[in-house]
4 protein chains.
Amino acid sequence: MTATPTRTERGTHRAQRERVAALHAELTGNGLVTWTAGNVSERVPGEDLFVIKGSGVRYDGLTWEGITVCDLDGTAVDGVKKPSSDTDAHAYVYRHMPEVGGQVHTHSPYATAWAARAEPIPCVLTAMADEFGGPIPVGPFALIGDDSIGRGIVGTLRGSRSPAVLMQNHGVFTIGPSAEAAVKAAVMTEDVARTVHLSRQLGEPLPIAQADVDSLYARYQNVYGQ
Amino acid sequence: MTATPTRTERGTHRAQRERVAALHAELTGNGLVTWTAGNVSERVPGEDLFVIKGSGVRYDGLTWEGITVCDLDGTAVDGVKKPSSDTDAHAYVYRHMPEVGGQVHTHSPYATAWAARAEPIPCVLTAMADEFGGPIPVGPFALIGDDSIGRGIVGTLRGSRSPAVLMQNHGVFTIGPSAEAAVKAAVMTEDVARTVHLSRQLGEPLPIAQADVDSLYARYQNVYGQ
Amino acid sequence: MTATPTRTERGTHRAQRERVAALHAELTGNGLVTWTAGNVSERVPGEDLFVIKGSGVRYDGLTWEGITVCDLDGTAVDGVKKPSSDTDAHAYVYRHMPEVGGQVHTHSPYATAWAARAEPIPCVLTAMADEFGGPIPVGPFALIGDDSIGRGIVGTLRGSRSPAVLMQNHGVFTIGPSAEAAVKAAVMTEDVARTVHLSRQLGEPLPIAQADVDSLYARYQNVYGQ
Amino acid sequence: MTATPTRTERGTHRAQRERVAALHAELTGNGLVTWTAGNVSERVPGEDLFVIKGSGVRYDGLTWEGITVCDLDGTAVDGVKKPSSDTDAHAYVYRHMPEVGGQVHTHSPYATAWAARAEPIPCVLTAMADEFGGPIPVGPFALIGDDSIGRGIVGTLRGSRSPAVLMQNHGVFTIGPSAEAAVKAAVMTEDVARTVHLSRQLGEPLPIAQADVDSLYARYQNVYGQ
């Protein structure tokens, strides 16, 4: 991981890197990230590669050059920035979940507050039933530096309806068929994390019956054609 | 509902659609909506039609083309976007409350936090007495897909002074003589939902005597001439 | 109060009205106001007049024409807008506190949350000791429409170090030698209302000894030369 | 302290003052400061001087002329503004911690809420372990006007991994090898103060084992090469 990029003169995958760079504006615009933390990645269609935000790159003025191309081991193969320190986790997920086309990582405050208690967010909003199909689950505490975080993400999300996992004491990882879908999941995660937090502050939100959760989820996924 | 629009070449009701599109900026500017959720609609004066935000349309760059014209059954009759998935609820309200000229739906966080507990917001602020004339009431849990939400809105708001209802586990619906009035009600709903939430966090806000609520409401409605 | 303006063709006091109009941007920029609520006023030097925001005027695009000139009974004497519905309260304060040159009224959320409980904000921050010289006091519940609000403000602030009062179930009124000073007081009121609120949510903030409050207040007022 | 600047015609250290002026935008952009409170300072390399924000200077439109050059006793030696009233504290830190190249002071709300309770922020987030290497400590209550604040900062941070201290009933002071590093520390302090606050509101965040904190801190500091 984090090997020095080998091609720096002429960027490949420029259109995709521009699009992924632009998607990062949703993270700042929705208050999901602080300073340089957080990142968006996306699989390169038809190649064993993905693109991801560079390490320590500021959001302000982020362009395609702030996005680095990596192989599925997380080794940089094109770019002027070292890839994000979360690249190993993204790479692990791309290797083990072929249906995943995009990923997002944030420390968004309300969701991370749940993560610090290792408490899943209960499904008490119709919007949660639509988007997540149930509670947002918690993944294990894992140190950075090997496959622990990636394994935690995959182990929690595989077989779950939720595109988001709260990694204990850490933050949010979301997946989707594209980077944009993963960004939407990250935005909605913080949105429902906040609303359920607020609701719980003054009492106990009412549960939604499992049959109603199932019905809402089925309808929403069908309408949007996943 | 959500039938494919039949006229897409030349938009009717363009001035109204432009105005309603522009009103959506109040939803984002006041932090009431996330991603594509939420919508504003308005009855077309003198016709059995209303205009409403398209389904899945982003707020950024929303123009008149993001607004679809529907008949009072919720069937799209002009536009390039499928109407909002909340169109059935809006249509039901327009059919059953002829005095309603505009509607807004949001999942604004503080108000939805009350909705998730199915708890009305008590009238403990003079601004609430002015605008809502009492507590903001809660409507039933209702699934999307038929008239349930619309019936819940109408059943709760008919005969109430409040232009806003908190639909259980869901969010806010507001009504008004125009789209702008409904937008104002949605903005004020979140504002008072937040202040009363904050007040309740550290104790119990003092009630306002019913006679004072009545006096404030009468004066305010008279001044603004509803 | 709220008599129709008598001169609408050519605005007097235009420079002051422009300055006061521009000061309203601090209310929106600091999140103190919602929709059209809230207002800034300023005494006209050397005349028995003051200028104040018009009633129901939006903040966006507010110009000098949104500011109306009133006499000290609150009667509009120049302007195209009816003066704010809070004009009576401002007028009462100008009549009874000759040292007051500017006033601000808001329903800023954290401060109004304290007001809804009729609970003074305790002086537990050095910044509060600097600016307010002690707790921020609570004024009585008062209905709009006569001198009740004005009397409540004057009765609470006369003889207090605090330039801000929390009117029960209502909101914040601040005074100062100029409109800008009153705006600063309104901004700082919400700032400390929020920080003390947050601190109290997880325990009890430590008091500051009265002698230290006195010392901080004396130093700060001296430095800034009030 | 706060002697009148002696050179006002031609500014020295202009490039550094421009850079430090621009860094203040991070304080406003991240919601760390209100009105004129808060400041950034930076040591002048190779000289017994530092630059710091002027007293009472607004953030909006802050240019290099709003930044004053001081000697290490806190006496202004170049500039048109009196240096910040916090200059004594900055000067004390520069005199006693030669490794410090930049400092920031704020009353950021969540961090100051912890400070008002004199409660350290526990290290329950991997991002805290990375940046702070443990809890964010609390310094003593200290009055402005002599070396008390400076001594409190130095006494708390010397020998601590944390670049941030919460001064009791007051606010945040951060240090770093440069002004930008201290700004980053101030931004991250508020970020983790908020997330841990939110987490504690609904239960008890899980601790991170000391060995894991040590491992995360060592790795992060090594990667970024402090």
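The following legends describe close-up views of a predicted model.

Local features are reported where pLDDT is at least 70, side-chain atom pairs count only at pLDDT 80 or more, and totals for chains, interfaces and linings use all residues of this predicted model. Residues are numbered from 1 along each chain as its sequence is written, chains are lettered from A and ligands numbered from 1 in the order in which they are written, and side-chain values use heavy atoms, with hydrogens and water left out.

**Figure 1. Overall fold and surface of chain A.**
Chain A contains 7 helices and 8 strands (DSSP runs numbered from the N terminus, with helices H or I of at least four residues and strands E of at least two). Its radius of gyration is 17 Å, close to the 17 Å given by the globule rule for 226 residues, so chain A is as compact as a globular protein of that length (the radius is taken over C-alpha atoms, and the rule is 2.2 Å times the number of residues to the power 0.38). The C-alpha trace of chain A spans about 55 × 35 × 30 Å along its principal axes. Of the 226 residues in chain A, 61% are buried (buried means under 20% relative accessible area, exposed over 50%, and partly exposed in between, with a 1.4 Å probe and protein chains only). Among contacts in chain A between residues at least 6 apart in sequence, 65% join residues at least 24 apart (contact means heavy atoms within 4.5 Å). Chain A exposes about 8,100 Å², of which carbon and sulfur atoms supply 49% (Shrake-Rupley method with a 1.4 Å probe; for residues, only the protein chains shown count as cover). The 19 positive and 25 negative charges of chain A have mean positions 2 Å apart (Lys and Arg count as positive and Asp and Glu as negative, without His and the chain ends; each charge is placed at NZ of Lys, CZ of Arg, CG of Asp or CD of Glu).

Chain D is superposed on chain C by a rotation of 90° with 0.0 Å of shift along its axis, at an RMSD of 0.0 Å (least squares on the C-alpha atoms of residues with pLDDT of at least 70 in both copies). The two copies are thus related as by a four-fold rotation axis. Within chain D, the residue that comes closest to the rotation axis is Gln201(D), with its C-alpha at 5.2 Å. The copies use different surfaces, as 4% of the contact residues of chain D recur in chain C.

Helix H5 (residues 148-157) of chain C has 8 of its 10 residues buried, so it is largely enclosed by the rest of the structure. Among these buried residues are Ile149(C), Ile153(C), Val154(C) and Leu157(C). The buried residues of H5(C) pack against helix H2 (87-96) and strands E6 (138-139), E7 (164-167) and E8 (171-176) of chain C. Gly159(C), with a positive phi near 85°, follows H5(C).

**Figure 2. Ile149 in chain D.**
Ile149(D), located in helix H5 (residues 148-157) of chain D, is buried, with a relative accessible area of 4%. Not counting residues up to four places away in sequence, Ile149(D) touches Ala89(D), Ala142(D), Leu143(D), Ile144(D), Met167(D), His170(D) and Phe173(D). Between Ile149(D) and His170(D), the sequence separation is 21 residues and the C-alpha to C-alpha distance is 10.0 Å.

**Figure 3. Helix H3 of chain C and its cover.**
In helix H3 (residues 109-116) of chain C, 8 of the 8 residues are buried, including Tyr110(C) and Trp114(C). Their cover includes helix H6 (179-201) of chain B, together with E7, E8 and helix H6 (179-201) of chain C. Ala118(C), which follows H3(C), has a positive phi near 55°.

Most residues other than glycine have a negative phi. His13(A), in the segment before helix H1 (14-29) of chain A, has a positive phi near 55°. With a relative accessible area of 22%, His13(A) is partly exposed. In chain D, His13(D) is found in the segment before helix H1 (14-29), and its phi is positive, near 55°. His13(D) counts as partly exposed at 22% relative accessibility.
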